[in-house]
Amino acid sequence: MALAEGAAVPYAVELGLTVLHTALYAALFLFAYLQLWLLLYYRERRLSYHTLCLFLCLLWAALRTTLFSFYLQNSLQALRLQQPFAHWLLYCLPGCLLFSSLCLLNLYFAEVIFKVKCAAEFNKYKVLLYLGSILTSLLFLVVNLTCAMLIHDEIPEKQLRWTVLARALLNDSLFILCAISLACCMCKLGKMSSANVYLESKGTSVCQAILVGSVVALLYSSRACYNLVAVAISPDNVPGPFNYGWDNLSDKVHVEVSSEEYVVFGVVLFLWELVPTTFVVLFFRAQRLSQNLTPAGMVNSHSYSSRAYFFDNPRRYDSDDDLSRLGAREGGLATPQCSGCYGSLAGPDGGSAADSAPLLCAAGGSEINHHHHSSHPAPQN
């Protein structure tokens, strides 16, 4: 594949676009790399959604920066890479990384929804969710790699056509399904007012989550639909010149690409890859989370036990009168169990908090009121 002679776009414009794309992808690479170091500095978990998504985006930005750096050195050399694996590595693997980040984003928001509704329900299904996400990403990778290797072999044009069509149907269908799943998660989050408490404990909010999820779902689904249409209406011999899908760039090894098509190629990568990846990196950026609890006594998501709630409660030093007024206003303290919303207080058997809450010295309430102003009451056996 080489650039066609007599291009209408001036070479200076093409070179300037190449420098711009290289700088953008390199800047995103450095930003994601900095976020990973900040996560280590803040002593965050080394294996989490933040680290995995940032690492995938880091690898994607590194591959795209390497690709456009070849264009800076020698455009013809960049486009004449004949090694199948090298071509797949630079042109097709970034699409697999984007799909993996989309699966992780789906898994993250599904976990948020489960934990907001009932953390125990998530423990039942988390193995299935993890396995489903991993197997789906591996399926996308295997289909992509297998078809790319077959296309580089000497196969008839009719078989090439069906191979490209089958790969587009499988991969783009997976993208559309994951985008629809992400959109459904955004709709559920928008209806759960208590989800904001959980997300704020993670350094974000429902509005930010809905914005990122909606942008990613819209851009990825539109890209997949565009690729399906482009493959379907392309001629029988080779894919169309503007058919820049997730993985079919390696199909154009022996096709000349004009400078106009190179400009379109850069615009497609910027709009449908760089923009959603930047949103994902910003959403999972490293943040020093505040350890202060909210005035209402809400705690972080991992504090589900009654002991953690009691000793982390900022009102634990209030007087008995203050606690009684607070209990009358909020319904008392209880162990957080599965309920309709995150942070709501209910008994273990679904009763009210007043029936099931572990009341301290409930039998001696009159004695507590009698000795309220004394310094230390005598211990009783």
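Predicted model: local features only at pLDDT ≥ 70, side-chain atom pairs only at ≥ 80, totals over all residues.
A crossing of two helices is called left-handed if the near helix is turned anticlockwise from the far one by less than a right angle, and right-handed if it is turned clockwise.

**Helix α4 and its partners**

Helix α4 covers residues 84-117, and we can begin with its meeting with helix α9, residues 259-283. The two axes come within 12 Å and cross at roughly 40°. Angles under 35 degrees would count as roughly parallel, so α4 is oblique to α9. The crossing of this pair is left-handed. On the α4 side the contact is made by L98, L105, Y108 and F109, while α9 brings E273, T277, V280 and F283. By class, the residues of this contact are six nonpolar, one polar and one charged.

Next comes helix α6, residues 157-191, which packs against α4 at an angle of about 25° with the axes 10 Å apart. That angle makes α4 roughly parallel to α6, and their crossing is left-handed. Among the α4 residues that meet α6 are G95, F99, L102, N106 and I113; the α6 side includes F175, C178, S181, M186 and K188. L98, L105 and F109 of α4 also belong to this contact with α6, and the three are likewise found in the contact with α9. The α4 contact with α6 divides into 17 nonpolar residues, three polar and one charged.

Helix α5, residues 119-152, has an axis that comes within 10 Å of that of α4, and the two cross at roughly 165°. Angles over 145 degrees count as roughly antiparallel, so that is how α4 runs relative to α5. This crossing is right-handed. Its contact residues comprise 21 nonpolar, eight polar and three charged.

| Helix pair | Axis distance | Crossing angle |
|---|---|---|
| α4 and α9 | within 12 Å | roughly 40° |
| α4 and α6 | 10 Å | about 25° |
| α4 and α5 | within 10 Å | roughly 165° |

**Spans from the record**

Where does UniProt place the feature "transmembrane region"? The unreviewed entry lists residues 20-40, 52-73, 85-108, 128-152, 164-189, 210-233 and 262-284. In the model, the span 210-233 is 96% helix and 0% strand, with its end C-alpha atoms 34 Å apart. For residues 262-284 the chain is also 96% helix and 0% strand, and the end C-alpha atoms lie 32 Å apart.

**An aromatic pair**

How many aromatic pairs does a search of the whole structure find? The search gives 20. One of them joins Y25 and W60, whose ring centres are 5.5 Å apart and whose planes stand at 75°, so the pair is edge-to-face. Y25 sits in helix α1 (residues 11-41) and W60 in helix α2 (residues 49-73), so this pair links parts of the chain 35 residues apart.

Conventions:
Residues numbered from 1 in each chain as written. Heavy atoms only, no water. Axes fitted to C-alpha atoms, helices over the stretch in contact; angles between N-to-C directions. Helix = DSSP H or I, 4+ residues; strand = E, 2+ residues; numbered from the N terminus. Parallel < 35°, antiparallel > 145°, perpendicular 65-115°, else oblique. Contact = heavy atoms within 4.5 Å. Nonpolar A, V, L, I, M, F, W, Y, C, P; charged D, E, K, R; others polar. UniProt positions renumbered as here; feature names shortened; annotations may be inferred. Phe/Tyr/Trp six-rings, centres within 6.5 Å; stacked < 30°, edge-to-face > 60°.
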